[in-house]
Amino acid sequence: MRYWLLGAMMVTAGASANTSLFNLLSTGDRVNPVAMMERVEADHPGYIADFELDVQDGELRYEFDVINADENTLTELTFSAADGTLVLQRNSKLEADDHDELEAVKLLERKQLRFSELVRMASEQHEGKLMGAQLEHDLGISYLEFKMMDENGKRKHAFDIQKLKPLPMLQWER
């Protein structure tokens, strides 16, 4: 009985956290995530490989990883979602575990496609708020994995970069 009650409490807490995050995304003024991506693309060399929403001390933030394949570097950027102010920037060399994202970045480069364009194409058929998007390369397929949230919860989707179409077998509910 205790385990059932603990499980029920955890589900309730998770649902409450999702609801409050959705409310935070739905209210107040903030910079549009895709507009912020376009700004990052204009201001920083390379390609965005990852975008995430984060809440720190009650403040919504946008986090980006930008890969510069020519210089073999990774730039991590954090911005305030409220006004687009740069909060943190870290630069480092690419590591072995960045290989999947690098493969997908190279495909974007060959297709002359920006991350923001890919996110816009991939998410336009889905309702809700964009929570995150990440380039992936697995089993010979480069794709964008992205998370959307609506009043019913979070969902992950995948979008094939080469064919520019959804990968329906890669969808998850959370």
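Predicted model: local features only at pLDDT ≥ 70, side-chain atom pairs only at ≥ 80, totals over all residues.
Where does lysine 163 lie? Lysine 163 sits in the loop between β7 and β8, with β8 covering residues 165-166.

Okay, the overall layout. The protein chain has 4 helices and 9 strands. Reading from the N terminus, the order goes α-α-β-β-β-β-α-α-β-β-β-β-β. There are 174 residues in the chain, and buried ones make up 42% of them. If you take contacts between residues at least 6 apart in sequence, 43% of those join residues at least 24 apart.

Now the core. The largest nonpolar core contains 39 residues, and the ones with the most contacts inside it are Phe64, Phe115, Leu135 and Leu144. Have a look at phenylalanine 64 in particular. Leaving out residues up to four places away in sequence, phenylalanine 64 touches Met36, Met37, Val40, Ile48, Asp50, Phe51, Thr75, Glu76, Leu77 and Phe79.

Some of those names come up again in helix α2, residues 33-43, where the buried set is Pro33, Val34, Met36, Met37, Val40 and Glu41. Why do they end up on the same side of α2? Because they cover an arc of only 155 degrees around the axis. As a reminder, an α-helix has 3.6 residues a turn, so residues three or four places apart point the same way. Over on the other side of α2, Ala42 and Asp43 are exposed. And what covers the buried residues of α2? The cover includes β1 (47-56), β2 (59-68), β3 (73-80), α4 (115-123) and β5 (129-138). One more detail here: at the start of α2, a side-chain oxygen of asparagine 32 comes to within 2.7 Å of the backbone nitrogen of valine 34.

Helix α4 next. Its buried residues are Phe115, Ser116, Leu118, Val119, Ala122 and Ser123. They span an arc of only 160 degrees around the axis, so they are on the same side of α4.

Let's move to a strand residue, valine 66, in β2. Is valine 66 buried or exposed? Its relative accessibility is 2%, so valine 66 counts as buried. Neighbours within four places in sequence aside, valine 66 is in contact with Val40, Pro45, Gly46, Tyr47, Ile48, Thr73, Leu74, Thr75 and Leu77. Take tyrosine 47 from that list: tyrosine 47 and valine 66 are 19 residues apart along the chain, with 5.3 Å between their C-alpha atoms.

Here's one for discussion: glutamate 101, in helix α3, residues 99-110. Glutamate 101 is buried yet has no salt bridge. The nearest side chain of opposite charge is lysine 147, and that is 12 Å away. So what does glutamate 101 contact? Setting aside neighbours within four places in sequence, the contacts of glutamate 101 are Ala49, Ile67, Gln134 and Leu135.

And back to lysine 163, as promised. At 57% relative accessibility, lysine 163 counts as exposed, because the cut-off for that is over 50%. Lysine 163 and isoleucine 141 are 22 residues apart in sequence, and their C-alpha atoms are 9.9 Å apart in space.

Notes
Residues numbered from 1 in each chain as written. Heavy atoms only, no water. Buried < 20%, exposed > 50% of the residue type's maximum accessible area, 1.4 Å probe, protein only. Helix = DSSP H or I, 4+ residues; strand = E, 2+ residues; numbered from the N terminus. Arc of directions from axis to C-beta. Contact = heavy atoms within 4.5 Å. Polar contact = N/O pair within 3.5 Å; in protein donor to acceptor, adjacent residues only side chain to side chain. Lys, Arg positive; Asp, Glu negative; His and termini not counted. Salt bridge = Lys/Arg side-chain N within 4 Å of Asp/Glu carboxyl O. Core = buried A, V, L, I, M, F, W, Y, C linked by side-chain atoms within 4.5 Å.
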